[in-house]
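This briefing is meant to be read beside the sequence and the 3D view. Please keep both open while going through the points below.

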Amino acid sequence: MAATDSPRDIRIFETAEEVARAAADYFVETAEKSISAEGRFSVALAGGSTPRRTYQLLASEEYRNRVRWSQVHIFFGDERCVPPTHPDSNYRMAEEAMISLLPIPEPNVHRMVGEGDAVANASLYEGELQAFFDGAPWPRFNLVLLGMGDDGHTASLFPSTEALNETRAWVVANWVEKFKTYRITLTAPAINHAANIVFLVAGAGKAERLLEVLRGPRNPRQLPAQLIEPVNGSLVWLVNKAAAARL
Ligand code: 6PG
């Protein structure tokens, strides 16, 4: 049983494995509620190591029959500018850990294209989202999964980057100077219009930054994870003890 910290919903688990499991459980529950209410479930996946384990669990014998996969639409919160076969591709990670192992109809997998022109790819993805959300002013994902980097980034919203100022676009190509490359990312307002947002944070290397993000002064230019504040939805932090050590 996780300890709960109010008023924020921060759930602290012993191990990273338990965090991954809690995220898989949350995915299953949200998928079933969304499919019952709307006939479909839209989720934006995160890259990174903790989510990978969640995806593996979802594809496991234990979990796979608990979701009506034919009604699931997979989107991505961010992507590196590489082809889908590249080891750094978030799509490749999700494909190997989960998508290829589950009966998700191919048109329901909405890959963020990483290869080619990043600006054009971002605008193509925004168009795909606009078609899916059928003229809504903002996308309303049933679930957005997020990680937090040890520099305070989330999705590909990195400290001091242009995308942090975005107030209108849903998806942008964000130049990340420290990697000398673009990343394609959902913007903070696009994430914030989701019905459910879940952060997965594990490891002692995140402890200091997590303290700053959750308890420190508001400074989203340096701590982009602070930009995540749902407009009309829920935000849950699934954290392991090592990452929560300073809270
Ligand atoms: C990416 C991610 C990114 C990730 C964090 C945390 O493409 O890199 O989407 O935002 O979630 O970097 O990653 P870890 O869970 O591996 O620490």
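This is a predicted model: local features need pLDDT of at least 70, side-chain atom pairs count only at pLDDT 80 or more; totals for chains, interfaces and linings use all residues.

Ala 155 is buried, because its relative accessible area of 11% is under the 20% limit. This alanine is placed in the loop between strand 6 and strand 7, and its phi is near 45 degrees, a positive value in a residue other than glycine.

**The loop between strand 6 and strand 7**

- Asp 151 also lies in the loop that runs between strand 6 (143–147) and strand 7 (171–176).
- With a relative accessible area of 13%, Asp 151 is counted as buried, because the limit for that class is 20%.
- The side chain of Asp 151 is joined to that of His 153 by a polar contact of 2.6 Å.
- When neighbours within four places in sequence are left aside, Asp 151 is in contact with Phe 158 and Pro 159, and likewise with Lys 178, Arg 209 and Gln 222.

**Backbone with positive phi**

- Most residues other than glycine have a negative phi, which is the background for reading the next point.
- Lys 180 has a phi near 50 degrees, a positive value in a residue other than glycine, and its place is the loop between strand 7 and strand 8 (181–186).
- Lys 180 is exposed, because its relative accessible area of 56% is over the 50% limit, whereas Ala 155, for which phi is likewise positive, is buried at 11%.

**Buried residues elsewhere in the chain**

- Ala 46 is found in the loop between strand 3 (41–45) and helix 2 (49–58), where it is buried with a relative accessible area of 9%.
- Not counting residues up to four places away in sequence, Ala 46 touches Pro 51, Tyr 55 and Met 93, together with Leu 145, Leu 146 and Gly 147; strand 6 spans residues 143–147.
- Between Ala 46 and Ser 36 there are ten residues of separation in sequence and 24 Å in space, taken from C-alpha to C-alpha.
- Thr 30 belongs to helix 1 (residues 16–38) and is buried, with a relative accessible area of 8%.
- Beyond its neighbours within four places in sequence, Thr 30 is in contact with Phe 41, Asn 142, Leu 143 and Asn 196.

**The chain as a whole**

- Seven helices and ten strands are found in the chain, and the C-alpha atoms fill a box of roughly 45 × 40 × 35 Å along the principal axes.
- The radius of gyration of the chain is 17 Å, which agrees with the value near 18 Å that a compact globule of 247 residues would have.
- Of the 247 residues in the chain, 54% are buried, and the chain exposes about 10800 Å², with carbon and sulfur atoms supplying 50% of that area.
- Among the contacts in the chain with a separation of 6 or more, 75% are between residues 24 or more positions apart.

Definitions and conventions:
Residues are numbered from 1 along each chain as its sequence is written. Side-chain values use heavy atoms; hydrogens and water are left out. Helices (H or I, at least four residues) and strands (E, at least two) are DSSP runs, numbered from the N terminus. The radius of gyration is taken over C-alpha atoms; the globule rule is 2.2 Å times the number of residues to the power 0.38. Buried means under 20% relative accessible area, exposed over 50%, partly exposed in between (1.4 Å probe, protein chains only). Contact means heavy atoms within 4.5 Å. Accessible areas come from the Shrake-Rupley method with a 1.4 Å probe; for residues, only the protein chains shown count as cover. A polar contact is a pair of N or O atoms within 3.5 Å; within protein, one must be able to donate a hydrogen and the other to accept it, and residues adjacent in sequence count only if both atoms are side-chain atoms.
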